[in-house]
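Thanks for asking me to look this one over.

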Amino acid sequence: MLTKRQNLMEVIKGGNPDRFVNQYEFMEIILEAPMDLPLAPAPGTRVKNKWGITFDWPADQIGSFPMHDDEHKALKDITDWKNQVKAPAIETSEEAWAAAVAHANSVDRSDKFVTAFCAPGIFEMTHHLMSMEDALMALYEEPEAMKELIDYVVEYELAYAKEYIDHIHPDALFHHDDWGSQISTFISPAMFDEFILPAYKKVYGYWKANGVELIVHHSDSYAATLVPEMIEMGIDIWQGVMTTNNVPELIKQYGGQITFMGDIDSGRVDFPGWTREKIYEDARKACEECGKLYFIPCLSQGLNISSFPGVYEATSEVIDQLSKEMF
């Protein structure tokens, strides 16, 4: 039987896997790294992070999002970003990294990829600071200022990557950045090429040049039109790929250049009244239509968790069952 790591490599290289890769099983994500994560921790909480972004998690919702009323918006004028945006200091001390190092050292790297984690992504960072509407308008109205801000975020990410690599020597990177709604990208491919692609070529190029062999990018959205860009920037696995992207068609077109991880939409199976039958139905359809190569069945959620208790675990059990049925 192949190890999790070996089986993953067979899938993404078009070899002979002996089962489906089961969701996130091949990644040991090191979440203890000292990065200022952007989220409110639980329903009914509100936090302000070190970038000055305030995240609110209403008690009746399933996640947190930045607040962009006049009182809470971190960046009110893109042309004045240099005065309004200040990146937090990057932690460099052994003490700050100790928990992350201990976690990484406990992993059997012949079985799993020690995986660095980075969120929010570069595009997300722009709209977290100033709101989605302001960020999208600024791409049209103040392109030079936006490019400067994006460069600033890239420099921060590169400094963080350096510390991560020095302390942990990760085998893989799991990086968030949502680039669309369920049915469309937020910006056109041409605009993406101008603003976002060069930033990611720098960031992902740096990780790859420093020993990271696998880039897994999370975008639980429509982004089928950006797959050529994903390949160009060095993404090995697109995680979160939703059914609206027509994944079987993408595999036909791009399999061998990139692997697609998802096709089980969290929105369809991860809800208060979830059932194992519904998960099985959606997972089986995904596995039958997408096949055994360049595809990893997975919830579209951007970590090895679910919004409602039990859904992630039930999905993993179903995928194991499908491996027995289909291999």
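1. Where is Pro-120 found? Keep in mind that this is a predicted model. Pro-120 is found in the loop that runs between strand 5 (113-118) and helix 4 (122-130). The peptide bond joining Ala-119 to Pro-120 is cis, with omega about -5°. For context, most peptide bonds are trans, and most residues other than glycine have a negative phi.

2. Phi also deserves a look at Asn-246, which is not a glycine but has a positive value of about 55°. Asn-246 is found in the loop between strand 8 (237-241) and helix 10 (247-254). Its relative accessibility is 40%, so Asn-246 counts as partly exposed.

3. Asp-263 has a positive phi as well, near 70°. The setting of Asp-263 is strand 9 (residues 259-264). Is Asp-263 buried or exposed? Its relative accessible area is 7%, and since buried means under 20%, Asp-263 is buried. Asp-263 also belongs to the lining of the second largest pocket, which I come to in point 7.

4. Helix 6 (residues 143-168) passes a simple length check. With 26 residues at 1.5 Å a residue, helix 6 should span 38 Å, and the 36 Å between its end C-alpha atoms agrees with that. His-169 follows helix 6 and has a positive phi, near 50°.

5. Please have a look at Gly-44, in the loop between strand 1 (27-29) and strand 2 (45-48). Gly-44 has 59% relative accessibility and therefore counts as exposed. Which residues does Gly-44 touch, leaving aside those up to four places away in sequence? They are Trp-57, Pro-58 and Ala-59.

6. By type, the lining of the largest pocket divides into 22 nonpolar, 18 polar and seven charged residues.

7. The second largest pocket has a volume of about 190 Å³. Its lining includes Asp-263, Asp-265, Arg-268, Glu-281 and Lys-285. Strand 9 and helix 12 (276-290) are the elements that give two or more residues to this lining, and helix 12 provides the largest share, five residues. How do the lining residues of the second largest pocket divide by type? Three are nonpolar, one is polar and seven are charged.

8. Last, the interior. In soluble globular proteins, nonpolar side chains tend to be buried together. The largest nonpolar core here has 111 residues, of which Leu-8, Phe-26, Trp-179, Trp-207 and Phe-260 touch the most other members. Helix 6 gives this core its largest share, 13 residues. Not counting residues up to four places away in sequence, Leu-8 touches Val-21, Phe-26, Phe-113, Leu-214, Ile-237 and Ile-296.

Definitions and conventions
Residues are numbered from 1 along each chain as its sequence is written. This is a predicted model: local features need pLDDT of at least 70, side-chain atom pairs count only at pLDDT 80 or more; totals for chains, interfaces and linings use all residues. Side-chain values use heavy atoms; hydrogens and water are left out. Helices (H or I, at least four residues) and strands (E, at least two) are DSSP runs, numbered from the N terminus. Buried means under 20% relative accessible area, exposed over 50%, partly exposed in between (1.4 Å probe, protein chains only). The expected span of a helix is 1.5 Å times one less than its number of residues. Contact means heavy atoms within 4.5 Å. Ala, Val, Leu, Ile, Met, Phe, Trp, Tyr, Cys and Pro count as nonpolar, Asp, Glu, Lys and Arg as charged, and the others, Gly among them, as polar. On a 1 Å grid over the protein atoms alone, a cavity is a set of points where a 1.4 Å probe fits but cannot get out, and a pocket is an open set with protein on both sides within 12 Å along at least five of seven lines; lining residues have an atom within 4 Å of a point. Grid points are joined across faces, edges and corners, and a volume is the space filled by probe spheres set on the points. A nonpolar core is a set of buried Ala, Val, Leu, Ile, Met, Phe, Trp, Tyr and Cys residues joined through side-chain atoms within 4.5 Å.
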